[in-house]
Amino acid sequence: MSSIITKSRLEARLQAEVERRRQAFLEALLALDAPLTAELHRLPPDEWADYPPLAAYPQLQPQLKSLKQADAALCQWQLGLYGLCSDCEAELTTEQLWDDPCRQRCDPCEEKYRKAQHGAWEL
Ligand SMILES: [Zn+2]
């Protein structure tokens, strides 16, 4: 990998990651519910994650979450807000974004978010 990560390379990587997550999601859904998968194909991909019938499949929730993250990152790119932490607006580094193009938070905010998600108060 070159040490120079340009904006266009980052965009290509983001697009590829979004596409990868969408495909993985469709494959997982296809194994569970083929008619529903066909229905989703008729919707714009950024509406998939909020499609109500998907609530019937709790096992897909981690993938739906990952899909939402991907949509959010794509939307941020379109708004020119890509690469900013969604909590404190700190700029993420190019390396962080390269590692995870759909990343939404800086390290400290990510840690706080995870703790809040797990309702963990352990010391
Ligand atoms: Zn932050």
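A residue is termed buried if 20 or more other C-beta atoms lie within 10 Å of its own, exposed if 12 or fewer do, and partly exposed in between, with C-beta atoms placed from the backbone. Under this definition, Arg21 is partly exposed, because 19 other C-beta atoms lie within 10 Å. The structure described here is a predicted model, in which local features need pLDDT of at least 70 and side-chain atom pairs count only at pLDDT 80 or more, while totals for chains, interfaces and linings use all residues. Residues are numbered from 1 along each chain as its sequence is written.

The secondary structure of the protein consists of 5 helices and 0 strands, where helices (H or I, at least four residues) and strands (E, at least two) are DSSP runs numbered from the N terminus. Read from the N terminus, the elements follow the order α-α-α-α-α. The C-alpha atoms fill a box of roughly 45 × 40 × 25 Å, taken along the principal axes. Of the 123 residues in the protein, 15% are buried. Two residues are regarded as in contact if their C-beta atoms, placed from the backbone, lie within 7 Å. Among contacts between residues at least 6 apart in sequence, 49% join residues at least 24 apart.

Two packed helices are described by the angle between their axes and the distance between the axes. Axes are lines fitted to C-alpha atoms, for helices over the stretch in contact, and angles run from 0 to 180 degrees between N-to-C directions. The axes of H1 and H3 come within 10 Å and cross at roughly 150°. H1 is therefore roughly antiparallel to H3, given that angles under 35 degrees count as roughly parallel, over 145 as roughly antiparallel, 65 to 115 as roughly perpendicular and the rest as oblique.

On the H1 side, the contact with H3 involves Glu11, Leu14, Glu17, Val18, Arg21, Arg22, Ala24, Phe25 and Ala28, which meet Gln63, Ser66, Leu67, Ala70, Ala73, Leu74 and Trp77 of H3. By class, these residues divide into 10 nonpolar, 2 polar and 4 charged. In this classification, Ala, Val, Leu, Ile, Met, Phe, Trp, Tyr, Cys and Pro count as nonpolar, Asp, Glu, Lys and Arg as charged, and the others, Gly among them, as polar. Arg21, located in helix H1, touches Ser66, Leu67 and Ala70, not counting residues up to four places away in sequence. The C-alpha atoms of Arg21 and Leu74 are separated by 12 Å, although these residues stand 53 residues apart along the chain.

A nonpolar core is a set of buried Ala, Val, Leu, Ile, Met, Phe, Trp, Tyr and Cys residues joined through C-beta atoms within 7 Å. The largest such core has 13 residues, of which Leu67, Ala70 and Leu74 touch the most other members. H1 and H3 each supply at least two residues of this core, and H3 gives the most, with 5 residues. Leu74 touches Leu14 and Val18, again not counting residues up to four places away in sequence.

A further helix pair is formed by H1 (residues 7–32) and H2 (residues 34–41), whose axes come within 6 Å and cross at roughly 145°. Leu26, Leu29 and Leu30 of H1 and Ala34, Leu36, Thr37 and Leu40 of H2 make this contact. The contact of H1 with H2 has 6 nonpolar, 1 polar and no charged residues.

The loops were also examined. Pro53 is placed in the loop between H2 and H3 and counts as exposed, because it has 11 C-beta neighbours inside 10 Å. The loop between helix H3 (61–79) and helix H4 (94–99) contains Glu89. Most residues other than glycine have a negative phi. Glu89, however, has a positive phi of about 65° although it is not a glycine. Glu89 is exposed, with 10 other C-beta atoms within 10 Å.

Ser86 also lies in the loop between H3 and H4; Ser86 is partly exposed, with 16 other C-beta atoms within 10 Å. Excluding residues up to four places away in sequence, Ser86 touches Gln104 and Arg105. Arg105 is found in the loop between H4 and helix H5 (107–117) and is partly exposed, with 19 other C-beta atoms within 10 Å. With the exclusion of residues up to four places away in sequence, Arg105 touches Cys85, Ser86, Asp87, Glu110 and Tyr113.
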